Amino acid sequence: MTAPSMTASSITASAASFRAACLFAIAGIGMGIGMAASHDHTLMPVHAHINLMGWVSLFLFGIYYRLHPALETRRLALAQVGLWSLGTVVLVAAVAGLHLGYPAFEPVAALASLVVLAAFGLFAVLVFRSGGPARAPSPLMTPAE
Ligand code: HEM
């Protein structure tokens, strides 16, 4: 049996992004189905944020990291994915609380939004520092001679 190319302790930034994105998508889509079935759209902003911050944004981060292999094992990139995921979970929980009529969640939402901003700041630093071109095209994409 061949050894796995990636162990749990050496997860890459793109793999972490894609996995987290899938979990958020399952939650977001499940919630969308629940809203549609119940005709109760009170928590529609929560559904939208889970899907757009959790599924779409994380998937886009993952694509960027996959295209820039030098970033894949950088701790800063893994920290960025973790911080973004954590911020998203707390933000959507706080937004849910607010839409359910609990104004006490406002400071939580404010704090979480700063965490999300910090996570995006980290991503921006990585993008600006990674500078060079994305990885060379795969041989599979080389035009026929
Ligand atoms: C089975 C999958 C899904 C179902 C059943 C579903 C269902 C819904 C429902 C019932 C609403 C409320 C519409 C309203 O009150 O006007 C909604 C809103 C929304 N959904 Fe989904 N959704 C699904 C997947 C997704 C996905 C994958 C995304 C994004 C990637 C998404 C993004 C949004 C956004 C941004 C809104 C807010 C739209 C607005 O402001 O009018 N949804 N969805």
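Which helices each supply at least two residues of the shell around the ligand? Keep that question in mind as you read these notes; this is a predicted model.

1. Let's answer the opening question. Helix 1 (13-38) and helix 2 are the ones that each give at least two residues to the shell around the ligand. The largest share, seven residues, comes from helix 2. To find helix 2 in the structure, look for residues 44-67.

2. Now for the shell itself. The residues around the ligand are Ile 29, Gly 32, Ile 33, Met 35, His 41, Met 44, His 47, Ala 48, Asn 51, Leu 52, Trp 55 and Val 56. Sorted by class, eight of the shell residues are nonpolar and four are polar, while none is charged.

3. Next, zoom in on the iron atom of the ligand. Which residue of the protein is its single donor? That donor is His 47, through its NE2 atom, at 2.0 Å from the iron. His 47 sits in helix 2. The side chain of His 47 also has an N or O atom 2.8 Å from a nitrogen atom of the ligand.

4. In His 41, a polar side-chain atom is found 2.6 Å from an oxygen atom of the ligand. In Asn 51, a polar side-chain atom lies 3.3 Å from a ligand nitrogen atom.

5. Let's step back to see how helix 1 and helix 2 pack. Their axes are 8 Å apart and the angle between them is about 160°. Helix 1 is therefore roughly antiparallel to helix 2, since an angle over 145 degrees counts as such. The crossing of helix 1 and helix 2 is left-handed. In the contact of helix 1 with helix 2 there are 21 nonpolar residues, eight polar ones and one charged residue.

6. The crossing of helix 4 and helix 5 is left-handed, and the residues of their contact comprise 20 nonpolar, four polar and one charged.

Terms used: Residues are numbered from 1 along each chain as its sequence is written. This is a predicted model: local features need pLDDT of at least 70, side-chain atom pairs count only at pLDDT 80 or more; totals for chains, interfaces and linings use all residues. Side-chain values use heavy atoms; hydrogens and water are left out. Donors are N, O and S atoms within 2.8 Å of the metal (3.2 Å for Na, K and Ca); water is not among the atoms, so sites may look incomplete. Helices (H or I, at least four residues) and strands (E, at least two) are DSSP runs, numbered from the N terminus. A residue is near a molecule or strand if one of its heavy atoms lies within 4 Å of it. A polar contact is a pair of N or O atoms within 3.5 Å; within protein, one must be able to donate a hydrogen and the other to accept it, and residues adjacent in sequence count only if both atoms are side-chain atoms. Ala, Val, Leu, Ile, Met, Phe, Trp, Tyr, Cys and Pro count as nonpolar, Asp, Glu, Lys and Arg as charged, and the others, Gly among them, as polar. A crossing is left-handed if the near helix is turned anticlockwise from the far one by less than a right angle, and right-handed if clockwise. Axes are lines fitted to C-alpha atoms, for helices over the stretch in contact, and angles run from 0 to 180 degrees between N-to-C directions. Angles under 35 degrees count as roughly parallel, over 145 as roughly antiparallel, 65 to 115 as roughly perpendicular and the rest as oblique.
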